[in-house]
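Thanks for coming. I have one structure to go through today, and I will keep to what can be computed from it. Please look at the sequence and the model first.

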Amino acid sequence: MRRVRAGRDTLDLYRQVLDHELIDCEDLPCGTVDDMEVEGSVGESLRVTALLVGPGAWGPRLPALFAYLARRICGTQIVRVPWREVAEIGEKIKLCSRAAPLGLGIKDRQVGLWFAKIPGSEKSVP
Amino acid sequence: MNKILELCLGILTAMGGFVEIGELTFVLNAGSKFDYRLLWVVLLGVIGIMVYGEIAGRIAAVRAQPVFNVIRERAGIRLGLLTLAAATLVCLLTCAAEIGAIALLWQLLSGWAYRPLLLIALVFFLLVIWFLPFKAIERIFGLLGLLMIVFVCAAWSTNPNWHEVATGLLPSLPPGHSDQQLLYAYFAVALMSSVMLPYETYFYASGTIEDKWTPNDLQFNRLIVIVGFGLGGLLAAALLVVGKQILGPGQIEAGLPGTAALIAATQFGRAGLWVSMAGMFFAFAGAAIETALSCAYNTAQFFGWPWGKFRAPRQASRFVLCWIVVLVLATLVVLTGVDPIKVVEYSIIFSVVILPLTYFPLMVISRDSDVMGVYVNGPITNTLGWIYFVLISIAAASAIPLLVLTHGGQG
């Protein structure tokens, strides 16, 4: 993974962060950067404060009809991942913590419980 | 030694998994209706799938990034979501057609009713994907799909005029009025789409990550796509030859998988019938599994969910739920009684529309030296990639008008 170090490289947020996959500290995929929260006002420099993950963050980026459908089908949940949680930026964005404490991957764990009683659900078959 | 064995198995698997019900039907009918005049499209399509398959495999091996991860990253959520929705619909329809075709094959063998056989096929696929490892699925269905080679033998045994066959490698319009030429154009677009079906690229790239390929495996990647897909193309060409030689004189339309089985039976008797039925079963079953898994791979990769057969189902639960839902929906589609061959014809025509949306992000990322480093496209891949991008864009723009003008390929 190519690392970006503050002060040495320029970070293109649109190309290098937005729509990139998030992985937690154990390399488990836990979402995609759907939007970003930025702080600042006119005359000041802007600062990214958090990554936004979840269907609720798609709305402003989609045409009105798609946004409506996405809201109806997928809901409006947004998980806010503070910028300080970002450990590395490369092809994937690695976080410092595990997914669960950040509120990411909850649906996976819920659906996983449905499968728990089926034989073979705990066994990986590479 | 192990590496050579792996390579041979990879090549044979790529060849065995090349043909599915849509390609079988279109290629046989193309031979029956237009003699060898569409052979050049098969060649064109095979080179196209080699180019994009190699690119997708290389990106996956170098960056561990599958196709829909790249699409999301480069095309953004708007265009990406549109591509995902279209790809899912096309894969779902293709999966439905494969399940329907398998039930039709079983019906020929057993004489049982069609609908209960669809449900048995659904249970079969659920059990196979749940319990079998990725490698086993890939190998069993890919290698046993090689029984389709019986059609290469059948083509050879019909003693075709090889000069005429070679002439078919150059584009030429059929004689007759404009309706016939429109139908020729429709078949050319459909044939190209059936050879370059996008799910092949999705599945191949995801499989590269399932098999944990690294940049050290890039030579493998190149050899497998060139030799494996090349041999698959030979199989498709053989089907076109038998379509011309056996179906052409009687103007027979290959509307059912049984027609293809009869071709083998006319050449090799009962043994040919059994081998072709078994080959078709494994080829169609492989395609059904690949399309169902491709839907799940695409969705999980787009939204950043854990995915892959290398993870326990409980750890990649939404990925598993996706392929289960796709298999159930695909079975419901064919349970309505719709003709699976009609379903696959539409899915192939709609597939061509999403080809440019799928391949443009791949081209952009694979030629970007910032992200690919020394593994960036060479001049040949770049040139071929963009030429094919123009060709598939033209095919995409003309697919729906041709579908309407030819009344769904009826002329």
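Predicted model: local features only at pLDDT ≥ 70, side-chain atom pairs only at ≥ 80, totals over all residues.

Residues are numbered from 1 along each chain as its sequence is written, chains are lettered from A and ligands numbered from 1 in the order in which they are written, and side-chain values use heavy atoms, with hydrogens and water left out.

First, the interface. How many residues of chain A are in contact with chain B? There are 37 of them, and they contact 36 residues of chain B; contact here means heavy atoms within 4.5 Å. The size of an interface is often given as the accessible area lost when the parts come together. For chain A and chain B, the buried area is about 3,200 Å², with 57% of it on carbon and sulfur atoms. Buried area is the accessible area, taken with a 1.4 Å probe, that two parts lose on being put together, summed over both.

Across this interface there are 16 residue pairs in polar contact, both residues being at pLDDT 80 or more. A polar contact is a pair of N or O atoms within 3.5 Å; within protein, one must be able to donate a hydrogen and the other to accept it, and residues adjacent in sequence count only if both atoms are side-chain atoms. On the chain A side, the elements giving two or more residues are strand E2 (29-32) and helix H4 (106-115). Helix H4 of chain A gives the most, with 7 residues. Helices (H or I, at least four residues) and strands (E, at least two) are DSSP runs, numbered from the N terminus. Sorted by class, that side of chain A has 17 nonpolar, 7 polar and 13 charged residues. Ala, Val, Leu, Ile, Met, Phe, Trp, Tyr, Cys and Pro count as nonpolar, Asp, Glu, Lys and Arg as charged, and the others, Gly among them, as polar.

Next, salt bridges. The rule asks for a side-chain nitrogen of Lys or Arg within 4 Å of a carboxyl oxygen of Asp or Glu.

Where do the two residues lie? B:Asp368 is in the loop between helix H14 (340-366) and helix H15 (369-372) of chain B, and A:Arg15 is in helix H1 (residues 13-16) of chain A, so the pair joins two chains. B:Asp368 is buried at 15% relative accessibility, while A:Arg15 is partly exposed at 44%. For these words, buried means under 20% relative accessible area, exposed over 50%, and partly exposed in between (1.4 Å probe, protein chains only).

This pair belongs to a network of salt bridges that links A:Arg15, B:Arg63, B:Glu73, B:Arg74 and B:Asp368. Within chain B, B:Glu73 and B:Arg74 form a salt bridge with closest N and O atoms 4.0 Å apart. B:Glu73 is buried at 8%, and B:Arg74 is partly exposed at 25%.

Another salt bridge joins B:Lys135 and B:Glu6, at 3.6 Å. B:Lys135 is in helix H6 and B:Glu6 in helix H1 (residues 2-16) of chain B, so the pair ties together parts that are 129 residues apart in sequence. Helix H6 (residues 134-144) also holds B:Arg139. B:Arg139 is buried at 15%, and its contacts beyond four places in sequence include B:Glu6 and B:Leu9.

Now the cysteines. A disulfide is a covalent bond between the sulfur atoms of two cysteines; the cut-off used is within 2.5 Å. For B:Cys153, the nearest is that of B:Cys8, at 19 Å.

Last, B:Ile246, in helix H11 (residues 218-247) of chain B. B:Ile246 is partly exposed at 21%. Among the residues it touches beyond four places in sequence are B:Thr158 and B:Ile263. That is the end of my list.
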